[in-house]
Amino acid sequence: MNYIYERKINYYETDRMGIVHHSNYIRFLEEARCAFLDALDMPYSMLESLGIMIPVLGVQCDFKHHVTFNDTILIDVSIKSFNGVRLVMQYTITDKNSGNLVLTGETKHCFTNTDLKPINLKKHFENIYEKFNKTL
């Protein structure tokens, strides 16, 4: 399942050159990831209430084109891989108006309990496991 998250660029997210500062893209990916979970009817707040944490293990981004204040971006987010313990999300960001490819990237995650000990969703939260698995 792919999910498209639409977002308008704010002035404060730009740098002296008038383009979005590269550090903001990690925030954009997180916003899209949380919206994706909402769309799957698994809001992050619900997962946390069940004792499921999803820490970020790594982020990889390839910047292709810049965007500026007032541009609107579309973030296409999907699950690249999932095994119940680890999760890799992939992202493609495009400029809504020009169609330019802005960024490709991925984030790597694992599932833990509130003590940050790894857990296997298939063993401990089978219904959550199935929701993730269906999106592949």
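Which residues have the most contacts inside the largest nonpolar core? Select I52, F111, L121 and F132: they hold that place in a core of 34 residues. A nonpolar core here is a set of buried Ala, Val, Leu, Ile, Met, Phe, Trp, Tyr and Cys residues joined through side-chain atoms within 4.5 Å. Buried means under 20% relative accessible area, exposed over 50%, and partly exposed in between (1.4 Å probe, protein chains only).

Before moving on, note that this is a predicted model, where local features need pLDDT of at least 70 and side-chain atom pairs pLDDT 80 or more, while totals for chains, interfaces and linings use all residues. Residues are numbered from 1 along each chain as its sequence is written, and side-chain values use heavy atoms, leaving out hydrogens and water.

Now colour helix 1 (24–39), which gives the core its largest share, 7 residues. Helices (H or I, at least four residues) and strands (E, at least two) are DSSP runs numbered from the N terminus.

Next, go to T107 in strand 5 (residues 101–110). T107 counts as buried because its relative accessibility is 2%. Show its side chain: polar contacts link it to the side chains of R33 at 3.5 Å and H109 at 2.7 Å. Such a contact is a pair of N or O atoms within 3.5 Å; within protein, one must be able to donate a hydrogen and the other to accept it, and residues adjacent in sequence count only if both atoms are side-chain atoms.

From T107, step across to V59, one of the residues it touches (heavy atoms within 4.5 Å). V59 lies in strand 2 (residues 56–63) and, at 39% relative accessibility, is partly exposed.

Notes: Lists of a residue's contacts leave out its neighbours within four places in sequence.
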